[in-house]
Amino acid sequence: MNAITTAVKSLANLIYPLRCASCGKSLAVTDEVGACGFCVSRIRPNPKPYCRSCGRSLDDAHHLCPGCRTSPFYFSRAYSACLYEGALKEMIHAFKYKNNRILASLFTSLMTDFINDNHEIIDTISVVTYVPLHARRRQERGFNQSEALAAGIARAFGIPVHGCLQKTSHTKNQSELSRDERLVNVSGAFTASGSGAHAVKGRYVLLVDDVMSTGETLNECSRALIEAEAVEVRCLTLARGL
Ligand SMILES: [Zn+2]
Ligand SMILES: [Zn+2]
């Protein structure tokens, strides 16, 4: 950071003090992460071994979790870097709903480190895409948090990123619904058409989102990508809900 940038940021920090997105502690102007070191150290990785379908943490590496045994997904496999809890949950909330975009670089580095430890996630992947927001919600929020994460990952690994999916219906927030309601809520809500469909046809696709819980949103997006003739869809999220 050069002296002028530091001076401008110091001035801005006097007016809008930079605070940790989790605990609220004041941060130094040179701290570009958006969270204090203590809160970053509290972020827990999704513990291995994982379900070989949905990526949920399991006791036994060679088994599917009970949900995946009875109802398989359209994606071949999903992975989540961290657990959706505590400090990270608060940071993701600040990122999505309080427009705290400075956190994007921390989140992207957590995901790229995870890919480096699990390189099969991006082997053969030739396009990165993301869960879209409905146009109205995107306008309200000003950005799509999943698009920001996908762009960071694509840049890190030199893979093209493409907005392949559209959200065609305005759905309720999945976190407010039961599992059965979630399934109905997002059913048929996504489509890949035009240049989006063209970008995935015959390709191995990495689908990125911020949080996975039951997997219904990622499954419906994967269905749209498979219907657009993607060869295979793998999913990666920053965090995994319990
Ligand atoms: Zn903190
Ligand atoms: Zn599973």
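A metal donor here is an N, O or S atom within 2.8 Å of the metal (3.2 Å for Na, K and Ca), and water is not among the atoms, so sites may look incomplete. This is a predicted model: local features need pLDDT of at least 70, side-chain atom pairs need 80 or more, and totals for chains, interfaces and linings use all residues. Residues are numbered from 1 along each chain as written, chains are lettered from A and ligands numbered from 1 in the order written, and side-chain values use heavy atoms, without hydrogens and water.

**Exercise 1.** Find which residues coordinate the zinc ion (ligand 1).

*Step 1.* Look for the donors: the SG atoms of Cys20, Cys23, Cys36 and Cys39 sit at 2.3 to 2.4 Å.

*Step 2.* Check the angles: the 4 donor atoms subtend 103 to 118° around the zinc ion, so the arrangement is tetrahedral (four donors, all angles between 85 and 135 degrees).

*Step 3.* Read off the spacing of the donor residues, which is C-x2-C-x12-C-x2-C.

*Step 4.* How buried are Cys20 and Cys36? Cys20 has a relative accessible area of 4%, so it's buried (under 20%, with a 1.4 Å probe and protein chains only), and Cys36 is buried at 4% too.

**Exercise 2.** Work out how helices α4 and α5 cross.

*Step 1.* The axes (lines fitted to C-alpha atoms over the stretch in contact) of α4 (residues 86–97) and α5 (residues 104–117) come within 11 Å and cross at roughly 130°.

*Step 2.* Pick out the contacts (heavy atoms within 4.5 Å): Leu88, Met91, Ile92 and Phe95 in α4 meet Ala104, Leu106 and Phe107 in α5.

How values were computed
Tetrahedral: all angles 85-135°; square planar, octahedral: opposite > 155°, others 65-115°. Buried < 20%, exposed > 50% of the residue type's maximum accessible area, 1.4 Å probe, protein only. Axes fitted to C-alpha atoms, helices over the stretch in contact; angles between N-to-C directions. Helix = DSSP H or I, 4+ residues; strand = E, 2+ residues; numbered from the N terminus.
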